[in-house]
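Reader: I have a model open and want to learn how to read its features. Where do we start?

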Amino acid sequence: MHTSRSIRRVLPAAALALLLAACGSSSHQNAAQPTGSASPSASPSPSPKPTGADDPALKGFYTQQIAWAPCADDPATDKVDESALQCGRLKVPLDYAAPAGEGIEVALSRKPATGSDRLGSLLLNPGGPGGSGIEQLQYSGDAYKDLNARYDLVGFDPRGVGASTAVHCLDDAAHDTWALSDDRADDRGKAYADACAANSGKLLAHVGTTDAARDLDVLRGALGDPKLNYLGFSYGTYLGASYAEQFPDRTGRLVLDGAVDPTADQLDLLVQQFAGFEKSLKAFAADCAKQSQCSLGKDPDKAAQKLASFLDGLREHPLKVGKDRELTETAGWTATLSMLYGNQQSWTYLRNAIDWAILRDKGDYLLNMADGYNGRDDKGHYSNMFDAYTAIHCDDPGAETPGADRLQAALAEAHEQAPLVSAHFTEANLFDPDCRSWPYRSTEQPHVVKATGSAPILVVGSTGDPATPYAWSEKLASGFANATLLTRDGDGHTAYNKSTCIKDAVNGFLVNGVMPAAGTHCPTS
């Protein structure tokens with residue numbers, strides 16, 4: 001599952017929030033206004049009762065009553081009171097082709113609207129695939145305060161993820177070995193697929209994005225909303241696009257931030273992502289060189305190479321951490337690239353962690369960052385985030401095994417576009433996740449998503465996004481029959497909580513139905 005650089009299509013926004021929370025408090029963002037004029041779009045209106053479904057076989061799912069109750073408070077999270085949220089569970093078919101058969105559950109959390117002029121529900125997805133929407137809402141603080149005044153905020157763990165009926169493959173010990181190992185056996189993908197089949201066999205064929213989007217429509221009906229209002233980040237844009245494609249007449253206000261290109265297969269996306277991280281790595285290193293203290297030196301042109309050389313050198317000289325752990329090359333790169341998802345705030349934490357490692361031979365801060373990205377807690381327990389990540393990716397379009405010629409061409413392109421990030425890559429690094437032995441394949445192919453007949457959709461992209469390059473947002477927005485692209489000129493993955501200008505524009509659309517003018521650009525913060 002992991003490559004020597006551990007780059008994945010998207011890091012769940014909730015996981016990044018937890019990483020930053022572990023490093024320190026967030027910085028204040030300066031207000032700025034989007035350029036351009038604005039135009040109104042239709043306003044959603046809530047329905048007091050579930051709307052039902054066109055398919056009589058699914059009516060019972062659409063009309064179910066969710067039993068909301070205060071969430072159980074976790075004493076281990078002493079800064080968060082989970083009981084302030086409401087929790088519930090949604091029943092959905094395991095197989096939509098046989099809705100009378102076995103069922104599964106989708107775990108939900110809700111923060112009821114704080115104002116009296118309620119617009120309905122707003123569903124949130126942090127990305128992944130494999131990210132927990134329940135954790136996203138749990139740790140969101142005041143990030144969505146203005147939206148919460150008008151909407152019930154609803155977080156959910158998609159099928160296969162977290163507290164929902166979940167995919168489980170490896171135990172903690174195996175995850176620890178695979179997450180930190182610098183050596184990758186060629187048959188590891190098969191071993192992983194076999195473990196998933198042994199532990200979650202019946203679920204594996206039914207965790208793809210198409211089915212998850214159908215769950216969203218069941219949830220919409222059960223919540224009593226005639227239209228779906230949705231804010232999705234990174235992979236969440238792919239989920240939102242799938243919903244718009246399948247249910248265009250049921251789209252309300254959809255915002256897709258940090259878009260995934262639905263026209264590209266897994267290999268193309270991965271190589272383009274390598275290039276995105278190369279650009280961000282150089283930008284971070286150049287910024288470090290300008291600081292009063294930076295272990296990468298004062299020459300911005302050489303700083304990135306020094307960082308890459310240090311991280312690559314961990315293969316032969318890992319740094320011991322505690323009694324029985326060490327910072328490997330894989331862990332070092334994982335930590336570094338994970339913090340490039342953030343903005344200048346996360347760059348500060350990364351710079352300090354790298355200084356600690358280079359100047360003091362201490363890898364604990366970097367290893368802690370890698371653990372956070374990998375879903376490992378301080379007791380050595382792993383969430384199912386990357387089990388779900390693998391299962392969903394391998395169920396989705398574009399996971400076919402490329403031929404030898406295409407692999408060689410892709411590897412050459414990776415070396416050309418990302419010489420530091422991919423310096424020691426082989427063809428094995430181009431399988432992330434490794435779906436070659438996966439027992440199921442989607443019959444769907446990557447394609448342009450038009451969603452003809454949908455309500456206006458707002459796509460948001462950042463020009464310096466390493467994980468979902470800006471070109472992907474351009475591609476998704478241009479493919480839709482009715483969409484507008486909003487641009488943030490700045491570094492980091494996704495835009496909503498990195499720019500007050502972006503937040504104002506998105507909130508204006510979600511709350512007031514005001515779509516920002518085409519071509520609107522916002523500053524970085």
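Author: Start with strand pairing. Two strands pair if DSSP finds at least two bridges between them. Helices (H or I, at least four residues) and strands (E, at least two) are DSSP runs, numbered from the N terminus. This is a predicted model, where local features need pLDDT of at least 70, side-chain atom pairs count only at pLDDT 80 or more, and totals for chains, interfaces and linings use all residues. Residues are numbered from 1 along each chain as its sequence is written, and side-chain values use heavy atoms, leaving out hydrogens and water.

Reader: How many helices and strands are in the protein?

Author: The protein has 17 helices and 14 strands.

Reader: Which way does strand E4 run against E6, and over how many bridges?

Author: Strand E4 (residues 103-111) and E6 run antiparallel, joined by five bridges. Ala107 has Asp157 in E6 as its bridge partner. Strand E5 (residues 120-125) also pairs with E6, in the parallel sense, over five bridges. There, Leu124 stands opposite Gly155 of E6.

Reader: How is burial read, and how many residues of E6 are buried?

Author: Buried means under 20% relative accessible area, exposed over 50%, partly exposed in between (1.4 Å probe, protein chains only). In E6 (residues 151-157), seven of seven residues are buried. Both faces are covered. Tyr151, Leu153, Gly155 and Asp157 lie on one side, with Asp152, Val154 and Phe156 on the other. Across the 525 residues of the protein, 59% are buried.

Reader: Now one residue. Is Asp387 buried or exposed?

Author: Asp387 has 2% relative accessibility, so Asp387 counts as buried. Asp387 lies in helix H14 (residues 385-395).

Reader: Which side chain makes a polar contact with that of Asp387?

Author: A polar contact is a pair of N or O atoms within 3.5 Å; within protein, one must be able to donate a hydrogen and the other to accept it, and residues adjacent in sequence count only if both atoms are side-chain atoms. For Asp387, the partner is the side chain of Tyr192, at 2.3 Å. Contact in general means heavy atoms within 4.5 Å. Leaving aside residues up to four places away in sequence, Asp387 touches Val167, His168, Cys169, Leu170, His175 and Tyr192.

Reader: Last, helix packing. At what angle do H11 and H13 cross?

Author: Axes are lines fitted to C-alpha atoms, for helices over the stretch in contact, and angles run from 0 to 180 degrees between N-to-C directions. Helix H11 (residues 329-339) and helix H13 (residues 364-374) cross at roughly 70 degrees, their axes coming within 8 Å. Residues in contact include Ala331 and Met339 in H11, and Leu366 and Tyr373 in H13.
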